[in-house]
Amino acid sequence: MSLTMSSSLCTVVALYGGAGRRASQQGGYKQRAAAQPLAAGGVTEAPPPGPVVSAPRHPDRGGADELVAWKSIRQERWEGLLEVEGKLPLWLDGTYLRNGPGLWDLGEYGFRHLFDGYATLVRVSFRDGQAVGAHRQIESEAYKAAREHGKVCYREFSEVPKPDSFTSLIGQITSLFTGSSLTDNSNTGVVRLGDGRVLCLTETVKGSIVVDPDTLDTVSKFEYDDKLGGLIHSAHPIVTDTEFWTLIPDLIRPGYVVARMDAGSNERQFVGRVDCRGGPAPGWVHSFPVTENYVVVPEMPLRYCAANLLRAEPTPLYKFQWYPDSGSYMHVMCKASGKMVASVEVPPFVTFHFINAYEEKDEEGRVTSIIADCCEHNANTSILDDLRLHNLRSFSGEDVLTDARVGRFRIPLDGSPFGELEAALDPEEHGRGMDMCSINPAHLGKEYRYTYACGARRPCNFPNTLTKIDLVEKTAKNWYEEGAVPSEPYFVPRPGAVEEDDGVAISMVSAKDGSGYALVLDAKTFKEIARANFPYGLPYGLHCCWVPRDK
Ligand SMILES: CC(=O)/C=C/C=C(C)/C=C/C1=C(C)CCCC1(C)C
Ligand SMILES: CC(/C=C/C=O)=C\C=C\C=O
Ligand SMILES: [Fe+2]
């Protein structure tokens, strides 16, 4: 399978070089292509390269009062110098990359759920107080087929291709269970592996795609060179400079395989297996946390559902089903031995994103319990439906966003059968909105104090603030701009920093007037330091990573 860029795109890159790093080596940033409008509502071909001019700050960069966050990106790709307001820190030297489902329209047809859109990468490269921005579609097979045929050709999060009259039910089942009909639309996460490769991910294993953080080229499929199999996995592996941990749910014999991969390798190694304790299928594992010595495997009562996987039309819970009587569990596996050290029942919960986890010790240094924090939606599955595009596009002033909190699990390691789940702070501190979190990566798996996330100022239909949570003081600092939709505030530490919150939090904001900008907040004060304006509005996006210049 080839996942390479078209020759016209090659020409653009060959003519103007890669972004960020290369541009600066050539003695400064240059605009490479002017923002051009696209034909309305369709998947479009890449526009020809535009003139080399600096990006203007148009008074009407956006369109008045457009909810640009939920509109498809209007052109295949763009790159150019951004106008900076404020002062970017000179130490901020590298590329912020954000992935997300930025294209929801196929000609006349529109996707219905946020998670269905085709992956759009957004890049902002910072150097010497300047910023170059770019975006580009990821050239997945699913996206290319949709562009070619003007229709959904693979199974996305909520949509399935309309079966033609020749596709028998048996054919559909076969293509589902061999994985051939599953999407590779890697629209969720983006991570920088220890060996420097940058990987975009979604929940299908085949949707693991290597991209170039400079050109945003789709480089290749990431092939896992092992026999572990599995068609789906956690969209959020745990990635460090040396390793990669993932969870592979087993839908046939309900459970999860825990696997790890060395940096530089494509071979996942089996570490251990967790059997589910309740329900007919594993709980959805969009993400999971680790501590220094343990992997925490969550089993929530929102479980994968074979019947819903086969349905042509989305169900209220999409490919999942809520099994309140199946119980909710947290399992703990030793990283070194693959052995289970705890499996406790906990109150019901619904989460997409774990924030972090760490070990609690007694005076002798023995680990007594694990603390695991997540963005928890009060065990209410309606959060999935809140993310329907119709809901997101039709805010009437009514407060309809499902409440969320920082859910803190305490998992005892003394053999007790139950664990605890409580709010880590009063959710009113962050407006009862809580998702899309980041932490200082130096604290991954260790005791930590701060998390950065999207919170809410009510009434709202989607998280509309950025919030810095102090888990020790149990307080939050909030950033808000009326009508704006900010994406995940991604923490970037200042090189040489000692304090946990010494750095910046970067978020891409889709503003009320239809414009878009990268917002840089001082992570300590949570006040704006600078913003870098795109000459066009940006759709909402999901997860981010940071690629330092020297790596
Ligand atoms: C964007 C996001 O957060 C989640 C995306 C999830 C996806 C694309 C899930 C896809 C799936 C299938 C295509 C079939 C199997 C089940 C499931 C993992 C939900
Ligand atoms: C946007 C989102 C989940 C994204 C998954 O990657 C959740 C938003 C929740 C709102 O509170
Ligand atoms: Fe996610």
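Strand 14 and strand 15 (residues 255-262) run antiparallel and are joined by eight bridges. Helices (H or I, at least four residues) and strands (E, at least two) are DSSP runs, numbered from the N terminus, and two strands pair if DSSP finds at least two bridges between them. Within this pairing, Leu247 has Val258 of strand 15 as its bridge partner.

## Basis of the model and overall composition

The model is predicted: local features need pLDDT of at least 70, side-chain atom pairs count only at pLDDT 80 or more, and totals for chains, interfaces and linings use all residues. Residues are numbered from 1 along each chain as its sequence is written, while chains are lettered from A and ligands numbered from 1 in the order in which they are written.

The chain contains seven helices and 35 strands. Of its 551 residues, 52% are buried. A residue is termed buried if 20 or more other C-beta atoms lie within 10 Å of its own, exposed if 12 or fewer, and partly exposed in between, with C-beta atoms placed from the backbone. Among contacts with a separation of 6 or more, 62% are between residues 24 or more positions apart; two residues are in contact if their C-beta atoms, placed from the backbone, lie within 7 Å.

## Annotated histidines

Where does UniProt place the feature "binding site"? The unreviewed entry gives His236, His286, His353 and His543. These residues span 308 residues in sequence, yet no two of their C-alpha atoms are more than 12.6 Å apart, so they gather at one spot. UniProt positions are given in the numbering used here, feature names are shortened, and annotations may be inferred rather than shown by experiment.

His286 is found in the loop between strand 16 (269-275) and strand 17 (294-299). His286 counts as partly exposed because it has 18 C-beta neighbours inside 10 Å. Leaving aside residues up to four places away in sequence, His286 touches Ser234, Ala235, His236, Phe352 and His353. His543 lies in the loop between strand 34 (528-534) and strand 35 (544-548), and it counts as buried because it has 24 C-beta neighbours inside 10 Å. With the exclusion of residues up to four places away in sequence, the residues that His543 touches are Asn99, Thr188, Gly189, Val190 and Glu488.

## Ligand surroundings

Ligand 1 is surrounded by 16 residues, of which the closest are Phe115, Phe157, Thr188, Glu203 and Lys319. A residue is near a molecule if its C-beta atom, placed from the backbone, lies within 6 Å of it. By class, the shell of ligand 1 has seven nonpolar, five polar and four charged residues. In this classification Ala, Val, Leu, Ile, Met, Phe, Trp, Tyr, Cys and Pro count as nonpolar, Asp, Glu, Lys and Arg as charged, and the others, Gly among them, as polar.

The residues around ligand 2 are Thr188, Phe352, Ile383, Ala404, Gly433, Asp435, Met436, Pro463 and Leu542. Six of them are nonpolar, two polar and one charged.

An open sheet of three strands has the order 17-20-21, with antiparallel pairing. Strand 17 and strand 21 (340-346) stand at the edges with a single partner strand each, so one side of each is left without a neighbour in the sheet. Strand 17 and strand 20 (residues 328-334) are joined by six bridges, and Pro298 has Met330 of strand 20 as its bridge partner.

A second open sheet, of four strands, has the order 22-23-24-25, again with antiparallel pairing. Its edge strands, strand 22 (351-361) and strand 25 (420-423), each pair on one side only. Strand 24 (residues 405-412) pairs with strand 25 over four bridges, and Arg410 stands opposite Glu420 of strand 25.

## Helix 3

The buried residues of helix 3 (residues 141-149) are Ala142, Tyr143, Lys144, Ala146 and Arg147. Their cover includes strand 5 (105-106), strand 7 (118-127) and strand 8 (130-137). Just after helix 3, Gly150 takes a positive phi of about 70°.
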